[in-house]
Amino acid sequence: MPDSTVADIQRCVAGLRIADLDTTLGEAGARIEVRAAEEAIEVAVHLGFPAAGIRADIETAVTAAVRAAVPSVPTVRASVDWAIVARSPQGGLTPLPGVRNIIAVASGKGGVGKSTTSANLALALAAEGARVGLLDADVYGPSQPTMLGISGRQPESRDGKTFEPLVAHGIETMSVGFLVDDSQAMIWRGPMVTQVVTQLTFQTAWHDLDYLVVDLPPGTGDTQLTLSQKVPVAGVVIVTTPQQVAMQVARRGLKMFEKVDVPLLGIVENMSSFVCPKCSHEEPLFGAGGGADLAAECGIPLLGAIPLDRTIRAQTDAGRPPVVADPQGVLAQRYRQVARRTAAALARRPADQKHKFPRIVVERAR
Ligand code: ADP
């Protein structure tokens, strides 16, 4: 096949718009390989983020586009795979052993659904094909043991220095909630919070994770500031509800992370609309478009909007969040889209040179 044809095919595939990600494959950083086999063209799309939920759609779109571009070739085969590499954390901090990327989840204030979003984001990243951990750093009210259905269990230490993370629904997890009871956790003050969170982060034996999602304590005060300077975060996701006041607080949070150079990956608008349990009608109780406006104002993506739906509360508080309780359901699909967009936003950040070895997923061409 002439080089010019290869380049044309690459250009055509790179220009394909993936509605789910709201970008073209080229903008999402896809590397496109074209091979001419006997009577066929094979196109391999290599992504820097997991995308199991849209892999088949991308393959279909690529096949159709290449068929239309080169009608003389009878067979086109497309395949999609991904390799997740470490992205540079802020301030040149040393990456955490066993973890390629830390994604922090923050909120300006409590009660907006930060922990619920963190749990579902972590599980959704795993469903998309990544190795994932979830660190519950919300020491004021550690809820991940309950949300993952493993409260009452205790982590063990093999070497007397580090804790082995517990495993729930296929992800590794660590929480101060495993180590102290809730009433103790509530009275901790700033410097102690920082110390405990950094210890939990660095003294857990994480195993070869692509992403460690960190559910930060709510707020944007000194504690969050100190944590953001000690923990090597690759990017932060801000959770907010659509009300005016929550938005203002979220805006302050965004500014804080900008000040300490933690890259902002985007905003998740939680409780964005109310889903009626009787008729499934969706109503924007607190006004529509707030998250999108805030994202546009700050020049960062809106990663998704999650409705106020009592199924989310019931399933998450019962230890089986929607992503695992009903993997084919609409809510799981929304969280998985948030996960893909978050990972895609992170994949656009510069790679970290200290981490040399990505985990490569090899998929068979169809
Ligand atoms: P935060 O971590 O911000 O304090 P949580 O994640 O603990 O907030 O959520 C507070 C409560 O709201 C929990 O009972 C949770 O189940 C519920 N909740 C969170 N998000 C939603 C949602 N989108 N729909 C319904 N309930 C939700």
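Residues are numbered from 1 along each chain as its sequence is written. Because the model is predicted, local features need pLDDT of at least 70 and side-chain atom pairs count only at pLDDT 80 or more, whereas totals for chains, interfaces and linings use all residues.

The chain contains twelve helices and 15 strands, these being DSSP runs numbered from the N terminus (helices: H or I, at least four residues; strands: E, at least two). Its radius of gyration is 21 Å, close to the 21 Å that the globule rule gives for 366 residues, so the chain is as compact as a globular protein of that length; the radius is taken over C-alpha atoms, and the rule is 2.2 Å times the number of residues to the power 0.38. Along the principal axes, the C-alpha atoms fill a box of roughly 70 × 55 × 35 Å. Buried residues (20 or more other C-beta atoms within 10 Å of their own, with C-beta atoms placed from the backbone) make up 46% of the 366 residues.

The ligand is surrounded by 20 residues, of which the closest are Gly 113, Lys 114, Ser 115, Thr 116 and Arg 313; a residue is counted here if its C-beta atom, placed from the backbone, lies within 6 Å of the molecule. At least two residues of this shell come from each of H3, strand S12 (264–275), strand S14 (302–308) and helix H10 (310–317). H10 gives the most, with five residues.

Helix H3 (residues 114–127) also packs against helix H12 (residues 330–347): their axes come within 8 Å and cross at roughly 80°. Axes are lines fitted to C-alpha atoms, for helices over the stretch in contact, and angles run from 0 to 180 degrees between N-to-C directions. On H3 the contact is made by Asn 120, Leu 121, Ala 124, Leu 125 and Ala 127, and on H12 by Tyr 335, Arg 336, Val 338, Ala 339, Thr 342 and Ala 343, contact requiring C-beta atoms, placed from the backbone, within 7 Å.

Two loop residues complete the account. Asp 208, in the loop between helix H6 (190–202) and strand S10 (209–215), has a positive phi of about 50° although it is not a glycine. Asp 261, in the loop between helix H8 (244–259) and S12, has a positive phi of about 60° and is likewise not a glycine.

Notes. Two residues are in contact if their C-beta atoms, placed from the backbone, lie within 7 Å. A residue is buried if 20 or more other C-beta atoms lie within 10 Å of its own, exposed if 12 or fewer, and partly exposed in between; C-beta atoms are placed from the backbone.
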